[in-house]
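Biologist: I have a model open and would like to learn to read it. Could you take me through it feature by feature?

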Amino acid sequence: MPEINIIFKTKGLTAIQRSERGIVAVILKDDTEGGQPVSLYKSILDVDFSQFTQRNYEYLKLLYEGGPYKVIVVKVPTTTEKGVLPV
């Protein structure tokens with residue numbers, strides 16, 4: 001039975017550590033083909049760089065330097081049927 005308590009304590013500590021890192025949400029203006037309009041990434045290794053412009057991929061790399069638990073990316077087009085979106 002003591003092993004069970006140790007497991008529970010360890011899992012509780014890792015849950016606290018994971019929640020301290022937080023979740024980041026970012027909206028990126030990007031017309032690159034592919035990918036979903038909303039994506040969830042747990043690591044920069046999960047991000048397919050071909051689905052973003054070089055500049056936006058660099059932004060994502062910067063976000064991961066802060067060590068977030070998750071990053072939610074909302075990808076919106078820079079243009080619409082009526083014209084260019086305001087910056």
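Modeller: We go from the overall layout to the sheet, then to single residues. Keep in mind that this is a predicted model.

Biologist: Which elements does the chain have, and how do they run from the N terminus on?

Modeller: Start with the count: two helices and five strands. From the N terminus, the order is α-β-β-α-β-β-β.

Biologist: How do strands of a sheet pair in general?

Modeller: They pair through backbone hydrogen bonds, and the sense is either parallel or antiparallel. In this model, an open sheet is formed by three strands, in the order 1-3-2, with mixed pairing. Strand 1 (23-29) and strand 2 are the edges. Each has a single partner strand, so one side of each lacks a neighbour in the sheet. On average, neighbouring strands in this sheet are turned by 20° against each other, direction ignored.

Biologist: What packs on the sheet?

Modeller: Helix 2 does, and it touches strand 1, strand 2 and strand 3. The direction of helix 2 makes about 170° with that of strand 1.

Biologist: In which sense do strand 2 and strand 3 pair, and over how many bridges?

Modeller: The sense is antiparallel, over four bridges. Look for the partners in strand 3: Tyr41 has Val71, and Leu40 has Ile72.

Biologist: Where do the side chains of a regular strand go?

Modeller: They alternate between the two faces of the sheet. Take strand 2, residues 38-41. Ser39 and Tyr41 make up its covered face. Val38 and Leu40 make up the uncovered one.

Biologist: Next, the loops. Is Gly66 buried or exposed?

Modeller: The cut-off for exposed is over 50% relative accessible area. Gly66 has 67% relative accessibility, so this glycine counts as exposed. Find Gly66 in the loop between helix 2 (54-65) and strand 3 (70-76). Val24 is 42 residues away from Gly66 along the chain, yet their C-alpha atoms are separated by 9.9 Å.

Biologist: What sits over the ring of Phe52?

Modeller: The charged end of Lys75, 5.1 Å from the ring centre. As for aromatic pairs, a search of the whole structure finds one.

Biologist: Now the chain totals. What percentage of the residues is buried?

Modeller: Of the 87 residues in the chain, 18% are buried. The chain exposes about 6700 Å², and carbon and sulfur atoms supply 61% of that area. Now take the contacts with a separation of 6 or more: residues 24 or more positions apart account for 65% of them.

Note on methods: Residues are numbered from 1 along each chain as its sequence is written. This is a predicted model: local features need pLDDT of at least 70, side-chain atom pairs count only at pLDDT 80 or more; totals for chains, interfaces and linings use all residues. Side-chain values use heavy atoms; hydrogens and water are left out. Rings of Phe, Tyr and Trp (its six-membered ring) pair if their centres lie within 6.5 Å; planes under 30 degrees apart count as stacked, over 60 as edge-to-face and the rest as tilted. A charge sits over a ring if NZ of Lys or CZ of Arg is within 6 Å of the ring centre and within 35 degrees of the ring normal. Buried means under 20% relative accessible area, exposed over 50%, partly exposed in between (1.4 Å probe, protein chains only). Contact means heavy atoms within 4.5 Å. Accessible areas come from the Shrake-Rupley method with a 1.4 Å probe; for residues, only the protein chains shown count as cover. Two strands pair if DSSP finds at least two bridges between them. Axes are lines fitted to C-alpha atoms, for helices over the stretch in contact, and angles run from 0 to 180 degrees between N-to-C directions.
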